[in-house]
Amino acid sequence: MFDQPVMKYADKVISISEIDTKDDTCRLSLRTDPDALVDSIRAVGLINPPVLRQRQDLKYQIVCGFRRVMACKALGWHEIKARVLKGSSTELDCLKLSILDNRSHRQLNVVEQAQGIQKLSPLLPCRNCLQMLSSVLGFPKNQKVFKKIGSLSRLPGAIQAGVMDEIVSFEAVVDLSEFSSEDALSFFELFKVLKLSQNKQREVITLVWEIAIREDLKPAEILQSKGIRTILDRAELNRNEKGSKVRAHLKQRRFPTLTEAEKRFSKELKALKLNEHVHMTASPYFEGGPHTLRMTFKGMKDFDERRKTLDAMAKNPALKRLLEPFE
Amino acid sequence: MISRLYIDEAVKHHPAVGTVQQSLPAVPVSVVPDAAKVYEVLTAMQDPIAAGKRVLFLTRNKGPFLRKCPGTKSYICCGYQILHIGTYCTMDCAYCILQAYFHPPVLQYFVNQERLFKELDDLVRSGRPPFHRIGTGEFTDSLIWEPWTELSSALVPYFAQQDRVVLELKTKTTAVENLRGLEHNRKTIVAWSLNSPAIIRSEERGTASMRARLRAAAQCEAWGYPLAFHFDPLILYEGWEKDYRRLVRELFASVSAQNIVWISLGSFRFMPSLKPIIRKRFQKSRIIYGEFIPGLDGKMRYFKPLRIELYRKMAAWIRELAPDVMLYFCMEDQEVWEQALGFVPEDRGGLSRMLDESAARHCGVVV
């Protein structure tokens, strides 16, 4: 199982119409766009013939070289030189060959690795076999990373492609793999619009997931709710502003009491009438740790001014309300 | 149910090992060189946390048997001491910190109790500080060991002979039969963790029902034992007010308030590392999705005004039926005490002193 059998080939000229280009049994890449290859083949011809396998219905299946076949087709070729596998090759052998062929000239990206893991898994006799094959096939040896990449393959193709387009981060996609396709696609649509950083994507996923559990709703229902839609529809907001507002909206829904306390704190802070030189921050989460007071000054005159601000602050009843918020 | 008994090579000839083996005659036995072998077996299992509840490892305690409760400076601690008899538990509560505390958690019992009693002798004789509250229910449930060991039969009479220390046996079981007829001299407090039937059903796998716990408590009261109760972890969920109020009523309908040494209240708090464990092992559990914030000790806690409301109501319901009972909070700060009970422990000599005095009143110890 772990040794790739020596494959034998016959060099043939095959009619392109006999190749089933929709058979993606051995395809790893989601990209089939042949544009870059078209020019090269037009200029110098097909240097490296694709590898094909003849199926029982006599049509040819592509094992290696999807984009080469598509490029030749785009050039209007009717026939193509190919290396046709001789004898009986199993699907597992063909997949391994495809992976090794891709690996021979470049590193597989995470989506291709995920495709490989997804396609190989059902063909292997034991759970750990795939991990044992990792080093040969160029998959990560670290078990955690391997599992993460494997989880990617459960997601809809659009989201997998979204990883390559950097719409959604790899770590966020791992989180999304726990959701239904409908829910995962709802997140993906939001991320397409907002283009959030990896941490913010993960924050949104966690917030929505937990709100869904608290309110017994589907994540998609929350993501398509009026509150979110209204923010996304506001033409006067730029993408970053929309992202901030969506996150604030979700946080308020997930932590209503905390958000209310933060609002009250901001209101009382305004009542203190501090200026840009004196700034107060609440203790984290109002849990009883120290508050922070930051003051900037240049010389004695400035210092006296700040002291006056602090004196006024001490006499302001809003300060007691800030310091004892749960009285 | 124990499916395998592991015996540490170093204790295989200890008499306590024979006692345990006799009580588990059908259970296969493996003698192992050390704990690492047991960990290795458990770690390879699908759910090591669950697997650790089904194997019993008999070994020796290489560290001290008496330890200080791991309280933190940020919150007011009760000054309890732990008698470290073993680790982990056969019951399976979603919120149990022991799932994340040991790596991996293993049901292990320390048989070298000669040293345990030596440490207790030293403590009783030392006279400093003058009084101690000791419990076995911190790293395990105090009474799960009853079917296999003679621990209570040894501990309870030991504490009965002195008047400087009380022992608290804290449990969620009804395994009190071995306590019948023991000479206790009211120096052993039998305590139950209580929660609403809804929480017991959804979050406490394999524990006794609330009514069964209260029946066992009433039985212990009838045998003359002083009692204690711990409403911990209190959990906010839809219907908590109605459920917890009913629980308080049932408690005082079952036992006499005058025989209760103390009642503690503690809201659900957890180390962040416990969250993914609960999510994975208790997929229907909703307890981690409350309004939690990181506390000053790094544990996640309900946002403070929610805790204050919860405690205020619980305290009012308890006070209504038992105005004089010693009520305290487990790991809360002064603001919560002030807001929920109207005073801070410092005003009454500190929490340790308040608890010591209650023990003196109920257990006849010298404070």
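**Close-up 1. B:Glu320 and its salt-bridge partner in chain B.** In this predicted model, B:Glu320 is exposed, with a relative accessible area of 53%. Its side chain meets that of B:Arg245 in a salt bridge, at 3.2 Å from N to O. B:Arg245 lies in helix 9 of chain B, and B:Glu320 lies in helix 11 of chain B, so the pair ties together parts 75 residues apart in sequence. B:Arg245 counts as partly exposed, at 31% relative accessibility.

**Close-up 2. A salt bridge between B:Glu241 and B:Lys313.** The closest N and O atoms of this pair are 2.4 Å apart. Distant parts of the chain are linked here. B:Glu241 sits in helix 9 (residues 240-254) of chain B, and B:Lys313 sits in helix 11 (residues 304-321) of chain B. The two residues are 72 residues apart. B:Glu241 is partly exposed at 34% relative accessibility. B:Lys313 is partly exposed too, at 25%.

**Close-up 3. A salt bridge in chain A, between A:Lys320 and A:Glu324.** The side chains of A:Lys320 and A:Glu324 meet at 2.8 Å, N to O. A:Glu324 has a relative accessible area of 32% and is partly exposed. Over all chains, the structure holds 48 salt bridges.

**Close-up 4. The interface of chain B and chain A.** Here 25 residues of chain B are in contact with 20 residues of chain A. The buried area is about 1,800 Å², and carbon and sulfur atoms give 54% of it. On the chain B side, B:Tyr289, B:Glu291 and B:Phe303 lose the most area to chain A. Together they account for 34% of what that side buries.

**Close-up 5. Polar and charged links between chain B and chain A.** Three salt bridges are counted between chain B and chain A. A:Glu178 forms a salt bridge with B:Arg279, with 3.0 Å between the closest N and O atoms. Polar contacts between chain B and chain A come to 11 residue pairs. Four elements of chain B give two or more residues to the side that touches chain A: helix 10 (274-281), strand 16 (292-294), helix 11 and helix 12 (334-341). Helix 11 of chain B supplies the largest share of that side, six residues. By class, the chain B side has 11 nonpolar, four polar and 10 charged residues.

**Close-up 6. Domain 1 and domain 2 of chain B.** Chain B is divided into domain 1 (1-59) and domain 2 (63-103 + 113-363). Their C-alpha centres lie 28 Å apart. At the interface, 12 residues of domain 1 of chain B are in contact with 14 residues of domain 2 of chain B. About 1,100 Å² is buried between these domains, and carbon and sulfur atoms give 60% of that area.

**Close-up 7. Links across the domain interface of chain B.** Two salt bridges cross between domain 1 and domain 2 of chain B. In chain B, the side chains of B:Asp47 and B:Arg281 meet in a salt bridge at 3.1 Å, N to O. Five residue pairs are in polar contact across the domain interface. Helix 1 (15-23) and helix 3 (48-51) of chain B each supply at least two residues of the domain 1 side. Helix 1 of chain B gives the most, with three residues. The domain 1 side has six nonpolar, four polar and two charged residues.

**Close-up 8. Domain 1 and domain 2 of chain A.** Chain A is divided into domain 1 (9-152), domain 2 (166-254) and domain 3 (264-323). The C-alpha centres of domain 1 and domain 2 of chain A are 35 Å apart. Five residues of domain 1 of chain A are in contact with five residues of domain 2 of chain A. These two domains bury about 460 Å² between them, 76% of it on carbon and sulfur atoms. In domain 1 of chain A, A:Lys148, A:Ser151 and A:Leu152 lose the most area to domain 2 of chain A, together 82% of what that side buries.

**Close-up 9. A:Lys148 and A:Glu171.** One salt bridge is counted between domain 1 and domain 2 of chain A. A:Lys148 forms a salt bridge with A:Glu171, with the closest N and O atoms 3.1 Å apart. Helix 6 (residues 143-152) of chain A gives the most to the domain 1 side, with four residues. That side divides into three nonpolar, one polar and one charged residue.

Technical notes
Residues are numbered from 1 along each chain as its sequence is written. Chains are lettered from A and ligands numbered from 1 in the order in which they are written. This is a predicted model: local features need pLDDT of at least 70, side-chain atom pairs count only at pLDDT 80 or more; totals for chains, interfaces and linings use all residues. Side-chain values use heavy atoms; hydrogens and water are left out. Domain bounds come from an automatic or database domain assignment. Contact means heavy atoms within 4.5 Å. Buried area is the accessible area (1.4 Å probe) that two parts lose on being put together, summed over both. A salt bridge is a side-chain nitrogen of Lys or Arg within 4 Å of a carboxyl oxygen of Asp or Glu. Ala, Val, Leu, Ile, Met, Phe, Trp, Tyr, Cys and Pro count as nonpolar, Asp, Glu, Lys and Arg as charged, and the others, Gly among them, as polar. Buried means under 20% relative accessible area, exposed over 50%, partly exposed in between (1.4 Å probe, protein chains only). A polar contact is a pair of N or O atoms within 3.5 Å; within protein, one must be able to donate a hydrogen and the other to accept it, and residues adjacent in sequence count only if both atoms are side-chain atoms.
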